[in-house]
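Keep the viewer open as you go through the points.

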Amino acid sequence: MTMGVVDLARELVRIDSPTGREGQVGAYLAAELERLGYVVTRQEVSPGRFNVFALREPPIVVLSTHIDTVPPSLPVHEDDTHLYGRGSCDAKGIAAAQVAAAERLAARGERRVGLLFVVGEELNADGAKAAAGLEPKGRYIINGEPTENHMAVGHKGMQRLDVIAHGKAAHSAYPEAGESAIELLLDALERIRAIQLPSDPTLGECTLNIGTITGGVAPNVIPSYAKAHLMYRTVTEPEPLLAAVRQAAGDRVEVAVVHRAPVVRLQVLPGFETTVVRYGTDLPFLEPWGERFLMGPGSIQVAHTDHERVAKRELDEAAVLYEKAAGVLLQQANDAVKRKS
């Protein structure tokens, strides 16, 4: 018997699973899917953590999301309307809705729907990248992220950069004997912030966040090292932006690429409300899984916050919408077979 959407979401949220420590929630989910009759593959991504890939038959459609969360952990609790806790919105509630949708389709005799739950989305997408080695893949993948149950027409890319400055340490009473890496870095960041960023008519503006700045050892020491970590949400190809950043930074400062993901543009199905999202997802690394779609319950505005939550009504709606979308895609596949025969 299938657990209810909110019940399964609650159990998943109870299990702390920050990126790098997803093993326990993966084991719980895999065991639950095996109990329901799926053949489950546990694909190790790194020691102690694995993707969960569940099938009844070779899939046409795969429903997918991630099972890692950002820290810190938040205790699960609920009221009449909402489920609260880390992962309730991003993305364990989504996983529960996808399981429910697949079970409803199976109850109608449709067993060509797979489930793929990956690790590592919140850091470097290592789970989605590893999933390229799984088979069989099917023709369509519906990825789940908080889109308020709208189907996304696309999302921005991402480019994470380290800007690193090296100076010369000295006693702060004799600054002429050294060179401040922090001052070199601050000057470079001022020039970088002045870069005119591109825009896109659909995706909007490219944005920059200077997320962290580190450097120095003490107020009475001229700092010999400083580093800033930058996050661009991109709307165009990343190379021209990288070139502009390096030019603005100058020869005295190093710019290193930490992680990047391309812009994603997506198809949408008739009859679904649409949206554009600003954040990144695993979809750039799920391209081998066929035509990609993006939809899920919850609002990104509360994900990663100390009040993360999802409306129980939205979880139930999401299960219906995933079932509907998978049904449309399965019919498309059936029609394609008929046209060929």
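In which loop does H304 lie? Look between β19 (291-294) and β20 (309-311), where the loop holds H304. Please keep in mind that this is a predicted model.

**The largest pocket**
- The largest pocket holds about 880 Å³ of space.
- Its lining counts 42 residues, and those closest to the pocket centre are R233, Y279, G280, I300 and H304.
- Four strands each give at least two residues to this lining: β9 (157-166), β15 (225-234), β16 (253-261) and β18 (274-277).
- Sorted by class, the pocket lining comprises 17 nonpolar, 15 polar and 10 charged residues.

**The largest cavity**
- Lining the largest cavity are V13, I15, D16, S17, T69, S73, L74, R86 and K92.
- This cavity lining splits into 3 nonpolar, 3 polar and 3 charged residues.

- H304, one of the residues closest to the centre of the largest pocket, has a positive phi of about 70° although it is not a glycine.
- H304 counts as partly exposed because its relative accessibility is 44%, a value between the cut-offs of 20% and 50%.
- N149 is not a glycine either, yet its phi is positive at about 65°.
- You will find N149 in the loop between β7 and β8 (151-155).
- With a relative accessibility of 8%, N149 is classed as buried, since that class takes in residues under 20%.

**Cis peptide bonds**
- D90 and A91 are linked by a cis peptide bond with omega near 5°.
- Between E135 and P136 the peptide bond is cis, with omega about -5°.
- P136 sits in the loop that runs between α4 (126-130) and β7 (140-143).

**A nonpolar surface patch**
- I182, L186 and I213 make a nonpolar surface patch of about 250 Å².
- Helix α5 (residues 181-193) contains I182.
- I182 is partly exposed, at a relative accessible area of 30%.

Definitions and conventions:
Residues numbered from 1 in each chain as written. Predicted model: local features only at pLDDT ≥ 70, side-chain atom pairs only at ≥ 80, totals over all residues. Heavy atoms only, no water. 1 Å grid on protein atoms, 1.4 Å probe; cavity = no way out; pocket = protein on both sides within 12 Å on 5 of 7 lines; lining within 4 Å. Nonpolar A, V, L, I, M, F, W, Y, C, P; charged D, E, K, R; others polar. Patch = residues over 30% accessible without salt bridge, like charges linked within 9 Å, V, L, I, M, F, W, Y side chains within 5 Å. Areas by Shrake-Rupley, 256 points an atom, 1.4 Å probe, with all protein chains shown as cover. Salt bridge = Lys/Arg side-chain N within 4 Å of Asp/Glu carboxyl O. Buried < 20%, exposed > 50% of the residue type's maximum accessible area, 1.4 Å probe, protein only. Points joined across faces, edges and corners; volume = space filled by probe spheres on them.
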